[in-house]
Amino acid sequence: MISELGFLLLIIVFLVSSLSSFELLMNTKYPKNFSFDQDKLSKLIFLLTLSSFICLSFSFVNSDFSLNVVSKNSNSQLPIIYKFTGVWGNHEGSILLWLLVMTFFGFLFSKSIFASTNFKNDVLKIHNTLCFLIVSFILFTSNPFEKTFPPPIEGSDLNPLLQDPGLAIHPPFLYLGYVGFSIIYSISVAALSYKNKALFIKILRPWVFMSWIFLTCGIGLGSWWAYYELGWGGFWFWDPVENASLLPWLTASALLHTIVIADKRGLLVNWTIVLSILTFILSLLGTFLVRSGVLVSVHAFANDPTRGIYILLLLFSISAFGVIKYLNNNTFTSSQSKINLVSREGMISLNNIFMLSLAFTVLLGTIYPLFSNVIFNSKISVGAPFFNSILMPVMFPFVFGMIIGPYARWGKDDLIKILNRLKILLFSFIIISFAVWYLNYKDPVLAIIFIILGCWIIISSLFELVQFQKVNRNIFHIPNKMIAQVSAHIGIGLLIIGATGSSILKKEKIQFQEVGEIVKVNKFDVQFQGVKKVEGPNYISQMGFFKIFSKDKLITILKPEKRFYNSGNQVTTEAAIYSTILGDLYIAIGDVHQNKIKWTSRIWYNPYTIWIWIGVVFLAIGGSFSFVNSLRRKK
Amino acid sequence: MRILFLIFFCFFFFIFYEGLKKDPKEIPSNLISKKIPEFNLKGFNSSEMTNYDLYKSEIKIINFFASWCPPCQIEHEQLMHLSKKNSVFGIAKKNQLDELSSWLKRLGNPYTKIGMDLEGDVSIDWGVYGLPETFIVDEEGIIKYKHVGPIMKRDLKELESVIKNLR
């Protein structure tokens, strides 16, 4: 009964949102002939979608196995929290979540008091049309309310890998980011029809920051989950799915730098709009690559070619609409005021160039296997070595820009003068470089260089605060935008250090370990104590016990697990991690040897890994300050 | 500008649309219909095993395996079955002699000859990226078929039909 209601509500969403797309279509031919109150429509669409989502959640929580998705992705033994998160642990439900987030943003925008009624109407018209496209995708290809007959008595399980708090909250965050770009797209495309586009930058700003924060957190959570759950000892694998989320993140990061110039100086307004549209297109492209199964990925999504074709059509119609609108409303005249390279805006433009070239290369690497398969009919896989090697050369100018940029003045500056102002900073750079080199001289040169670069960024960001205090004498009244920039840049510095440590410097030992045997990894002695059978709510686990000694003192006992889930015969690895600020000791347990007394143990020492997650937190804090700032400035 | 965009759009649409029809998981071996790579390995029960062993007369099955690889144990029964009518050659990757001999004693030895690929570089020459992998090579030493992963009971039919067609 509840599920029928949910389905019915979706059909009403389809009908209501079709009014918006009808108006959008007609108005391009006969301007202002039709008009619905888009404001009310978007509120209605949101409430209907929310109710439908609640219906689906209700079916999941109550284990209504007559629904196809529930029977395939849930189980009566499942803990209640995973019954609920199972709603988005499958293709159909997650697209419904996508729609929910999208309509929610439409709803939020309709509440916005900053936009004029006319403009609001134009934005929501486009946004509701996007909702219409998604809801028709759900109804025609991925209906979560599809019945199965006869209903099975017990459901097959939710994928055990997804039965984890990290993964339970990771998709909603990612969606809040991805889908947040849809409203940015709608605002930008709507703004194109107006003469004075700079007016809309202020409206756009908070949305950009908000979506960026969510996407950052979403990617961070996903990477953290992969680190402790997959038991591969890494945090980033350059998998197509990861790249798909990185692409819009890169362009969005470029966007949130440009939008500052656009807002403050009225420059690069067109470029801001292009970036906004591009970011959403890349989000959709990512969805296509991930959900259609055109690329090989470790992420197993249910793939279905008809869905692929639909998403492809969606991708191209939305991109084409944005591009055509842009071409029709722009005359490609170069803007009157030139930008000096050595100036704040010049440095930010440089940042944009690097961000975009990085995005382009990642995109190329991700879809190249598809190209070569279609055009040359040859299978090629592009892996981590490609991405790592293209990342490195781009890093250097990028870091220098990050260090000098914040000290450059708006309008026009001089490189010599900047360096003159930064004498103390440059001096501390030299000291820190020697200190880092002295402490790590045994490590590979590349690792030392990257750690030094990371330290430079952090120091130069902190130095900004010192400079500010010198001028203003009051450390407690630092403007929000400064905290935001400093915090985000420190985040990037930490990220570079963490990523270097856990990739170049990581030490790995794989062996058969006997009970009582000690393996030495870095400064730790790892003693294997044996394996115990432990029963969980819906799995049986082989739990290994490892005593960790440092300088003959027992520090902790690590308990990595291998879990066998009762239903579906799935096995997951739960790594055990001992984190310190200098590095993580990371243990995963494998199979038993034929002689039954030896077990495979994989022990990693991943230096500085914890700083990756701390870096992400810094990024998010920075974003939040910018977000708050952009809200205040509108009033 | 507009035409440029149109061409750009059509190109990408074509690529993605065509891409949908292909299965990215299907990986054909580059070695198929090529001659087997040259190698010279220490033998298990013989002094050596080289590529010349695989040129002789009939159709041969070449199996890359190791005693430390659990899936290899799963396919062993099927290899025993295949060895009744065909000659099966083994290449043991990074395997110690004593471990291998006790393993074969326990499970039986289907192999006509075994090469000891102690360094694992012959496996790399053959493009083997996981164990077990199995090749079918014809009389002239041309690779005709490749099977990745353990040979299960359900795979036997296909392997046998490939061999039958070659004869």
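In chain A, 71% of the contacts with a separation of 6 or more are between residues 24 or more positions apart. The model is predicted. Chain A contains 18 helices and ten strands. Its radius of gyration is 26 Å, close to the 26 Å that the globule rule gives for 635 residues, so chain A is as compact as a globular protein of that length.

**Overall build of chain A**

- Along the principal axes, the C-alpha atoms of chain A fill a box of roughly 80 × 80 × 55 Å.
- Of its 635 residues, 57% count as buried.
- The accessible surface of chain A is about 27,600 Å². Carbon and sulfur atoms own 67% of that surface.
- Chain A carries 51 positive and 31 negative side chains. The centres of these two sets lie 12 Å apart.

**A buried loop residue**

- A:Leu267 sits in the loop between helix 9 (240–265) and helix 10 (269–291) of chain A.
- A:Leu267 has 8% relative accessibility, so this residue counts as buried.
- From A:Leu267 to A:Asp37 is 230 residues in sequence. In space, their C-alpha atoms are 34 Å apart.

- Side chains of opposite charge can pair when their charged atoms come close.
- The whole structure has 18 salt bridges over all chains.
- One of them joins the side chains of A:Arg307 and A:Glu92, at 3.0 Å from N to O. This pair links distant parts of the chain, 215 residues apart. A:Arg307 is in helix 11 (residues 305–329) and A:Glu92 is in helix 5 (residues 91–111).
- A:Arg307 is buried, at 7% relative accessible area. A:Glu92 also counts as buried, at 16%.
- A:Glu23, A:Asp122 and A:Lys125 form a network of salt bridges.

**Salt bridges in chain B**

- B:Asp53 and B:Lys113 meet through their side chains in a salt bridge of 3.1 Å, N to O. B:Asp53 lies in the loop between strand 2 (48–50) and strand 3 (60–65) of chain B, and B:Lys113 lies in strand 5 (residues 111–117), so the pair ties together parts 60 residues apart in sequence.
- B:Asp53 is buried, with 9% relative accessible area. B:Lys113 is partly exposed, with 22%.
- B:Glu133 and B:Lys146 form a salt bridge, with the closest N and O atoms 3.3 Å apart. B:Glu133 is in strand 6 (residues 133–137) and B:Lys146 is in strand 7 (residues 143–148) of chain B, so this pair ties together parts 13 residues apart in sequence.
- B:Glu133 counts as buried, at 0% relative accessibility. B:Lys146 is buried, at 16% relative accessible area.

Conventions
Residues numbered from 1 in each chain as written. Chains lettered and ligands numbered in written order. Predicted model: local features only at pLDDT ≥ 70, side-chain atom pairs only at ≥ 80, totals over all residues. Heavy atoms only, no water. Helix = DSSP H or I, 4+ residues; strand = E, 2+ residues; numbered from the N terminus. Rg over C-alpha atoms; globule rule 2.2 N^0.38 Å. Buried < 20%, exposed > 50% of the residue type's maximum accessible area, 1.4 Å probe, protein only. Contact = heavy atoms within 4.5 Å. Areas by Shrake-Rupley, 256 points an atom, 1.4 Å probe, with all protein chains shown as cover. Lys, Arg positive; Asp, Glu negative; His and termini not counted. Charge placed at Lys NZ, Arg CZ, Asp CG, Glu CD. Salt bridge = Lys/Arg side-chain N within 4 Å of Asp/Glu carboxyl O.
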